Each structure stands twice: as C-alpha cells, then as structure tokens.
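Welcome! Take a look at the sequence and the model first, and then read on.

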Amino acid sequence: METSDFDFENLFSIFEDFILNNAQKEKNYEILVAYSGGIDSTALLYLANKFAQKEKIGLNAVHVNHNINIDSKKWENHCKFFCKKINVPLFLKNINIDLNSKDSIEEVARNKRYEAIHSIMKKNTCLLTAHHADDQVETFFYNLFRGSGVKGLSSMPEIRFTPKGLHLRPFLGFNKNTLEDFVARFNLEFINDKSNENTDFARNYIRSEVLPVVKKKWPNYSKTIQRAIANISNAQKLNLELALADFQKFKIDGKNNRINIKVRSLEENRFNNVIRFWIGQNNFKMPTLEQINSIKKDVFGAGKDKKPYFSCGTYEIHRFKDIVEIMSPLKKHDPTVIYKWRKDEDLIIPSLSVKLRWQNLEQRLGREIKDNVEVRFRHKGQNIKVNSTKSLKDYMREKNIPPWERDRTILIFINNEFKIVWDK
C-alpha cells in the first residue's frame, strides 16, 4: 500500500478504509492522535481531522513534552497553535526522563511517553500513531541488532489492543516520502527536530549510517524486509496461539498471575514460549533467554522443600507447592505494626497497597460494629487460635496461603479479641 506519487484522494481513501475496517464505530469510539509536531504526526492529525469531520466522531490530540531538548517548550507551543488553527482539542503531558538510567534513553522515553498517553485513554479510545514503513524497517534492524526473538522481529503491528482502547498505525504501508509530499502539498507547518540527526541514538544511526549502505546493494530492501516482517508476524501469531492453549491448561483458578509447576514438563522451546506469554499477560517486560533459564532452574526446578523465588527488579516470581506466582516486587512490610481502624472510616495500608472499607467489614462479620477495630498481622512467636481446635498457622496451611503472604494477611481484632482473617 505504498504511494509514490502524491494523490490526496487515494491517500485519504486508504486511510479512511483502514480506520473504518479496524475501529468499531458502533462502540461510539473517539480518536486520539499522538502529535509530536513533526512531519509524520502532522500529516496524521490533518487526515484524522478530515476523517473525524466526515464521520462526525470525537477527535483529540495529545502532545508529550519530554523536557529534554532545549526547544521542547517551543515545540509544545507550536502544537498548541496548530491544534487551535484546525480546531482540535489538545492534551499536553509533561514527563521527566532519567538521563542517568542504565536503560536506553530512547527506550525509557518511549515507555514514559506511552504511559502518559495511556493515562488519558478510555475503553472506547482509538489511538493513532504516525509510524510509517521506514520506521518499521528501522525497528526491524534495531531489534535484530539487540538479538530480539520472533516477537521483536515482527516489529510494530498495525493493530494492537490495549487495556484502554485500541492502538492503530494507519501509516505502516506508506513511506516517508509520501508523508513529506502530503505535508508540502497542503503547506502544513511542522517541527524539524535536529536531534533526529544525532547518530549517538541507535535508531538515528541505523537510519543515517546503516540503511544507505544496505540500499546500495539491495535497492528494494524496504519491500523485502517488510515481506520478511509479515512472515515473522505470522510465526509470532502461531506462537501466541500455542502459548495461549498451554497457558489455559496450566494457569491456576483462572488467575493470570498463577501457573502450575507442571508446566515445566513441556519441551524446552514450548516452556519458554508459554513463560514469555505468562509474563506478558501480567504486563511485565519480556525476559531475556538468560532470565528464562534462571526462572526454570531456580524456581521451577528447585526441590519441594525449598521456597524459591526469582527477582529482576520489575517483578518477582515465587513458588509454593504446585503454585508459581508472578507479582510486582513486594513492598517493605512490618508485621508488628498495629493499625487502628476507626468506626465508619476507610483504612489504607500503604505497605500492602490496600484500602479496607468499613461497610465490607460489617458485611463479613454479619453485624454492625460499634467499636473501633485493630488490624494486626501474624509474626514469629505468636500462637493465634482461629477457633478452639485450630491455630492460625494450620488455617493458613489449609487455605494454601503462600508463605510470602502469611505475614501480610490481615487479621481483624475487636476489643483485643481475634475475630476474622481478612483473606482474599
């Protein structure tokens, strides 16, 4: 779907068909354009505005100011002016990038940018970004040089479902020249970001230094690589289908964060495939092969008498009996602290990231509570009785409460008398 000679009617028709075929109008969707002010996003916003007017649907733009470039504020003002000129509401998001991060600045900026954009999306939002065919090829080489697997080499999908709405890339079939012709034809003002010429950044280096050399030997490399990306994308879809089937078989109690240890019986590549899928289902960063090997050896392969876990900073994996659970890193928690829960008020426990509601407490106890309540936790040396015959320790074992949750399990005391375990 590459357009060589500029043809507005053809370009708009392709754009229009793409949106109509992939965004469900009956769901009363609204469009959100990620707008940087550059050539690509300027063309996207202009087309999206024409489309929204024709279809009579809502349109907003969002500009993310990274606060890195000396001209950041100038670019922000340009975006304000352009959106006002074409009568499109604009959201402004300011983010701060840790320039000392061990991770790639490009990667950190991208993640924070999408966090900011997703924060204003709704379930019926259709996010449009201006990635084009040349960006797709650069992404392929970038991931290739990083040693990415099938998922990374499949590059950017045209359609991606997000927890909030839908993300579409309607320009992946257009090359950069087409968008430049479009912006020039309608005399649209845009930002020229000179940092795109800085070859210290990996993508800029690939664009400026690598691809021109490739083009000398293989003039049609772009179409060839896009065909390879399509083939790899099909392979990735098959991987996902297999991973989903395996995950459905081994996940526990319908919970995405728990998987049965018996998944380790799968052949190595299939095990790796479903573990990647499991981690992705819980919205954590994809593991490296080295990390997957550590997870398999240290967590799935540990003896029954062990309490193994894996930690990589962004998430933890723990095992208890046949249950393997993935979670965000546990916050520091002191089980000796006693929380006073005042009548008719909600109680927030920061170390557990929970909010307890008084109404729920009365529902659990089945009666009105007229006294203040204490929230306590089990800690070493205590011998709490659930009833005349059973200790709290035995109760937690019977309920299969994992060891890492036992000193975080909420215990309700009224007038210094233990009443209930506030478990899940």
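Over which ring does the charged end of R185 sit? The answer is the ring of F186, with 5.0 Å from the charged end to the ring centre. Please keep in mind that this is a predicted model. The points below go through rings, the sheet and cysteines.

**Charges over rings**
- Besides R185 over F186, you can look at R364, which lies over the face of W422 at 4.1 Å from the ring centre.

**Aromatic pairs**
- Searching the whole structure turns up 17 aromatic pairs.
- One of them is formed by F15 and F171, a tilted pair with 6.2 Å centre to centre and 55° between the planes.
- F15 belongs to helix α1 (residues 8–22), while F171 sits in the loop between β6 (166–168) and α7 (176–185), so this pair ties together parts that are 156 residues apart in sequence.
- Both F15 and F171 are buried.
- Y46 and F182 make an edge-to-face pair, because their ring centres are 5.7 Å apart and their planes stand at 65°, where an angle over 60 degrees counts as edge-to-face.
- Since Y46 lies in helix α2 (residues 39–55) and F182 in helix α7, the pair ties together parts that are 136 residues apart in sequence.
- Y46 is buried, with a relative accessible area of 14%, and F182 is buried too, at 0%.
- There is also an aromatic cluster to find: F15, F51, F171 and F174 form it.

**The five-stranded sheet**
- Five strands form an open sheet in the order β7-β8-β11-β10-β9, and their pairing is antiparallel.
- At the edges stand β7 (251–252) and β9 (309–311); each has a single partner strand, so one side of each is left without a neighbour in the sheet.
- Strands β10 (residues 316–320) and β11 (residues 323–327) run antiparallel and are joined by five bridges.
- In β11, E325 is the residue that stands opposite H318.
- Helix α10 (residues 268–281) packs on the sheet, where it touches β8 (255–260), β10 and β11. The direction of α10 makes about 150° with that of β8.

**Cysteines**
- The structure holds zero disulfides.
- C126 is in no disulfide: its nearest cysteine sulfur belongs to C83 and is 17 Å away, whereas a disulfide needs two cysteine sulfur atoms within 2.5 Å.
- Is C126 buried or exposed? C126 counts as buried, because its relative accessibility is 1%.
- C312 counts as partly exposed, at 27% relative accessibility.

Terms used. Residues numbered from 1 in each chain as written. Predicted model: local features only at pLDDT ≥ 70, side-chain atom pairs only at ≥ 80, totals over all residues. Heavy atoms only, no water. Buried < 20%, exposed > 50% of the residue type's maximum accessible area, 1.4 Å probe, protein only. Pairing = 2+ DSSP bridges. Helix = DSSP H or I, 4+ residues; strand = E, 2+ residues; numbered from the N terminus. Contact = heavy atoms within 4.5 Å. Axes fitted to C-alpha atoms, helices over the stretch in contact; angles between N-to-C directions. Phe/Tyr/Trp six-rings, centres within 6.5 Å; stacked < 30°, edge-to-face > 60°. Lys NZ or Arg CZ within 6 Å of the ring centre and 35° of its normal.
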